[in-house]
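These notebook entries record what I looked up in one structure. I began with the overall fold and then went on to individual residues.

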Amino acid sequence: MTAIAKLRTISSGAAVCLAALTANACGDGDPAGPDAAPHDEAGQVVATSHVPGPLPFMGTVRATEQVPGAPTDDCDLVLHTVLEGELTHLGSFTGVGETCGFNVRPNEEELPEEFPDDPGIGPPLYLVIDFTLVQTYTAADGDVLEVSGVGVRAQGQFGAALVGNGIVEGGTGRFAGATGEFDVFGVNGEVGYDGWIDYDASS
C-alpha cells in the first residue's frame with residue numbers, strides 16, 4: 001500500500017471514529033447504563049482515576065537536527081531526526097525520530113491533492129516524496145509518548161512543506177496504553193498537530 005493510500009485509510013478511519021464518538025456523546029442512552037459514572041450506596045458519584053474519552057492533542061513539533069541514513073530496499077531516503085516542541089499533555093519536550101521517504105517525484109508541476117492549502121513554497125516545480133515515520137517524545141518528567149505517521153512532503157523554490165496523519169502508539173508513565181489520532185501540516189520545519197489523545201492523566 002502506498003503512503004497516499006495509507007493517508008486516505010487513516011483519514012477515513014478517523015472520520016468513522018469521530019462520528020462514533022459524536023453519536024455516543026449525543027445519544028439518548030440510559031444514563032444508568034454501563035458508561036455511567038459509578039455511584040456508592042448513598043448515590044454519590046465515586047471519583048475514578050481515569051474517565052475514558054478523547055482530549056485535545058495540539059501543538060508544534062520542530063526538527064532541530066536531521067542526519068541522513070543509508071537508503072534501504074524500502075526507503076529511498078532515511079533521516080534520523082532530533083526534535084523539540086510543545087504539545088498539550090506533554091508540555092515542552094524533546095524527542096527523536098526516523099523518517100522513511102519513498103516514491104520520489106522530482107519534477108511535479110502541481111502540489112499533491114493532499115495539501116489543503118497552498119503553503120507558498122513554489123512553483124514552478126516541486127520535488128515530492130511520500131514518507132512514513134516513527135517518533136518518540138520525552139516530557140520534562142521523563143514520561144515517553146510514541147507516535148507514528150504517514151504523509152507527503154513537497155520541496156519547492158521557497159522551502160518545503162508536508163501534510164499527513166499520525167497515530168498515538170502508547171508510551172510510558174501516564175502515556176502507557178495511550179491512543180489517539182492527529183493531522184499534521186508543516187512549512188519549513190515547523191509542524192502543527194491537531195487531533196485527540198486518550199490516556200490516564202492520573203498516572
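The entries below go from the fold to the disulfide, the aromatic pairs, the cores and the loops.

**Entry 1. Fold**

I noted at the outset that this is a predicted model. I then looked up how the strands are arranged. Eight strands form a closed barrel in the order E1-E2-E3-E4-E5-E6-E7-E8, and their pairing is antiparallel. From one strand to the next, the twist averages 25 degrees.

I took E3 as the strand to follow on both sides. Towards E2, I found 11 bridges, and the two strands run antiparallel. Within that pairing, glutamate 84 has threonine 94 of E3 as its bridge partner. Towards E4 (residues 126-139), E3 pairs over 12 bridges, also in the antiparallel sense. I recorded two bridges here: threonine 99 has leucine 133 of E4 as its partner, and glutamate 108 has tyrosine 126 of E4.

**Entry 2. Disulfide**

How many disulfides does the structure hold? I found one. It joins cysteine 75 to cysteine 100, with an S to S distance of 2.0 Å. Cysteine 75 sits in the loop between strand E1 (55-69) and strand E2 (77-87), whereas cysteine 100 belongs to strand E3 (residues 91-108); the two are 25 residues apart, and the pair links distant parts of the chain.

I next looked up the handedness. The torsion about the S-S bond of cysteine 75 and cysteine 100 is about -105 degrees, and the disulfide is therefore left-handed.

Are the two cysteines buried or exposed? Cysteine 75 has a relative accessible area of 11% and is buried. Cysteine 100, at 13% relative accessibility, also counts as buried. Both values fall under the 20% limit for a buried residue.

**Entry 3. Threonine 81**

I looked up threonine 81, which is placed in strand E2. Its relative accessible area is 5%, so threonine 81 is buried. Leaving aside residues up to four places away in sequence, threonine 81 touches Ala63, Glu65, Gln66, Gly95, Val96, Gly97 and Thr99.

**Entry 4. Aromatic pairs**

A pair of aromatic rings is described by the distance of the centres and the angle of the planes.

In the pair of phenylalanine 93 and tyrosine 137, the ring centres are 4.6 Å apart and the planes stand at 40 degrees, so the pair is tilted. Phenylalanine 93 is in strand E3 and tyrosine 137 in strand E4, 44 residues apart, and the pair links distant parts of the chain. Phenylalanine 93 and tyrosine 137 are both buried.

The pair of phenylalanine 175 and tyrosine 199 is likewise tilted, at 5.1 Å centre to centre and 40 degrees between the planes. Phenylalanine 175 lies in the loop between strand E6 (159-171) and strand E7 (179-187), and tyrosine 199 in the segment after strand E8 (190-198), so this pair ties together parts 24 residues apart in sequence. Phenylalanine 175 and tyrosine 199 are both buried.

I also noted one aromatic cluster, formed by Phe57, Phe182 and Tyr193.

**Entry 5. Nonpolar cores**

In soluble globular proteins, nonpolar side chains tend to be buried together. Which residues have the most contacts inside the largest nonpolar core? This core has 21 residues, and the ones with the most contacts inside it are Phe57, Leu87, Leu90, Tyr137, Leu145 and Tyr193. The elements giving two or more residues to this core are E1, E2, E4, strand E5 (144-156), E6, E7 and E8.

Apart from this core I found another, of eight residues, including Phe115, Tyr126, Val128 and Ala161.

I then looked up the surroundings of leucine 90. Not counting residues up to four places away in sequence, leucine 90 touches Phe57, Tyr137, Ala139, Leu145, Arg174 and Phe175.

Which residues other than glycine have a positive phi? I recorded histidine 89 and asparagine 188.

Histidine 89 lies in the loop between E2 and E3. The hairpin of these strands has three residues between them, and there histidine 89 takes a positive phi near 80 degrees. Histidine 89 has 24% relative accessibility and therefore counts as partly exposed.

Asparagine 188 is placed in the loop between E7 and E8, and its phi is near 55 degrees. At 52% relative accessibility, asparagine 188 counts as exposed, because the limit for that class is over 50%.

Note on methods: Residues are numbered from 1 along each chain as its sequence is written. This is a predicted model: local features need pLDDT of at least 70, side-chain atom pairs count only at pLDDT 80 or more; totals for chains, interfaces and linings use all residues. Side-chain values use heavy atoms; hydrogens and water are left out. A disulfide is a pair of cysteine sulfur atoms within 2.5 Å. Helices (H or I, at least four residues) and strands (E, at least two) are DSSP runs, numbered from the N terminus. Buried means under 20% relative accessible area, exposed over 50%, partly exposed in between (1.4 Å probe, protein chains only). Contact means heavy atoms within 4.5 Å. Two strands pair if DSSP finds at least two bridges between them. Axes are lines fitted to C-alpha atoms, for helices over the stretch in contact, and angles run from 0 to 180 degrees between N-to-C directions. Rings of Phe, Tyr and Trp (its six-membered ring) pair if their centres lie within 6.5 Å; planes under 30 degrees apart count as stacked, over 60 as edge-to-face and the rest as tilted. A nonpolar core is a set of buried Ala, Val, Leu, Ile, Met, Phe, Trp, Tyr and Cys residues joined through side-chain atoms within 4.5 Å.
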